[in-house]
Amino acid sequence: MLKIFNCDLHIHTCLSPCGDLDMYPRALVEKSLERGLHVIAICDHNSSENVQYVIKAARRKPLIILPGMEITTREEVHLLALFDRLDELQVLQEIVYSNLSGKNDEDVFGCQAIVNEMGEVEGFNERLLIGATDLSLKGLVEDIHRLGGLAIAAHIDREGFSVISQLGFIPEDIKFDALEISARLEIEEAREKYPQLLSYPFLKSSDAHFLRDIGGAFTKFFLEEGTTTEIKMAFAKKGGRYIME
Ligand SMILES: [Zn+2]
Ligand SMILES: [Zn+2]
């Protein structure tokens, strides 16, 4: 049966250097439920070690967790990769790590905590997660598709780290599944602001780095299940699935 799914498909955890320490798995699951969300995607910068713990924290709760990542490409564009399965994301993680250099400086960028479903610190990621990978936007979108994921251009209306801010336009040969707008804009406004992008599906997410921001923006999908396959059908307006703009 098709029904409405409130989806916030871009949420950070305390693993992102800029993510608040209060964004540990159990807390963000509780906040998502409180905000009436049905599906969330965990998208830390260039990393995914907390995804498994968010999935565990949401076990037996009416909240679906999509494994994801927000990757910084060579062009300094933020790209969201969303999957249904953790093993698909883990293959992408290996590609990302082998193309990411540098060490984090906690005092400058913030700490990168790996926290389990019980709220216990498992360790700290020492890589420079805030840095850019050596992966090209085009190649990365192709890698994500090859692994069965969705590739979504993050916060295209933002003045930094968006495909429009970095490249000035959206290249036609890069096959984004959808474009994300930030909490500052409504989809209707984005449609007016970017008339050249009418053919793309738009979605809206919170990009939450703090608990209070979770669900501050989200997308209503009409789906049968909260999976990337169903979301993809909604992007294509197939089988009665669609985005409720
Ligand atoms: Zn971003
Ligand atoms: Zn983000």
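Helices (H or I, at least four residues) and strands (E, at least two) are DSSP runs, numbered from the N terminus. By that rule, the chain holds eight helices and eleven strands. The model is predicted: local features need pLDDT of at least 70, side-chain atom pairs count only at pLDDT 80 or more, and totals for chains, interfaces and linings use all residues. Residues are numbered from 1 along each chain as its sequence is written, while chains are lettered from A and ligands numbered from 1 in the order in which they are written.

**Overall form**

- Along the principal axes, the C-alpha atoms fill a box of roughly 45 × 40 × 30 Å.
- Of the 245 residues, 46% count as buried (20 or more other C-beta atoms within 10 Å of the residue's own; exposed means 12 or fewer, partly exposed in between, with C-beta atoms placed from the backbone).

**The open sheet**

- Nine strands form an open sheet with mixed pairing, in the order S9-S8-S7-S4-S3-S2-S1-S10-S11 (two strands pair if DSSP finds at least two bridges between them).
- Its edge strands, S9 (202–204) and S11 (242–243), each pair on one side only.
- Strands S3 (residues 64–72) and S4 (residues 78–82) run antiparallel and are joined by five bridges; Gly68 has Leu82 in S4 as its bridge partner.

**Helix H3 on the sheet**

- Helix H3 (residues 86–97) packs on the sheet, touching S3 and S4, and its direction makes about 15° with that of S3 (axes are lines fitted to C-alpha atoms, for helices over the stretch in contact, and angles run from 0 to 180 degrees between N-to-C directions).
- The buried residues of H3 are Leu89, Leu92, Gln93 and Val96.
- These buried residues fall within an arc of 110° seen down the axis of H3, so they line one face of the helix (the arc is that of the directions from the helix axis to the C-beta atoms).
- They pack against helix H2 (51–57), S3, S4 and helix H5 (137–146) (contact means C-beta atoms, placed from the backbone, within 7 Å).
- On the other side of H3, Asp87 and Glu94 are exposed.

**The hairpin of S5 and S6**

- Strands S5 (residues 113–115) and S6 (residues 121–124) pair in the antiparallel sense over three bridges, and Val115 has Val121 in S6 as its bridge partner.
- Five residues lie between the strands of this hairpin, where Gly119 takes a positive phi near 90°.

Conventions: Contact = placed C-beta atoms within 7 Å.
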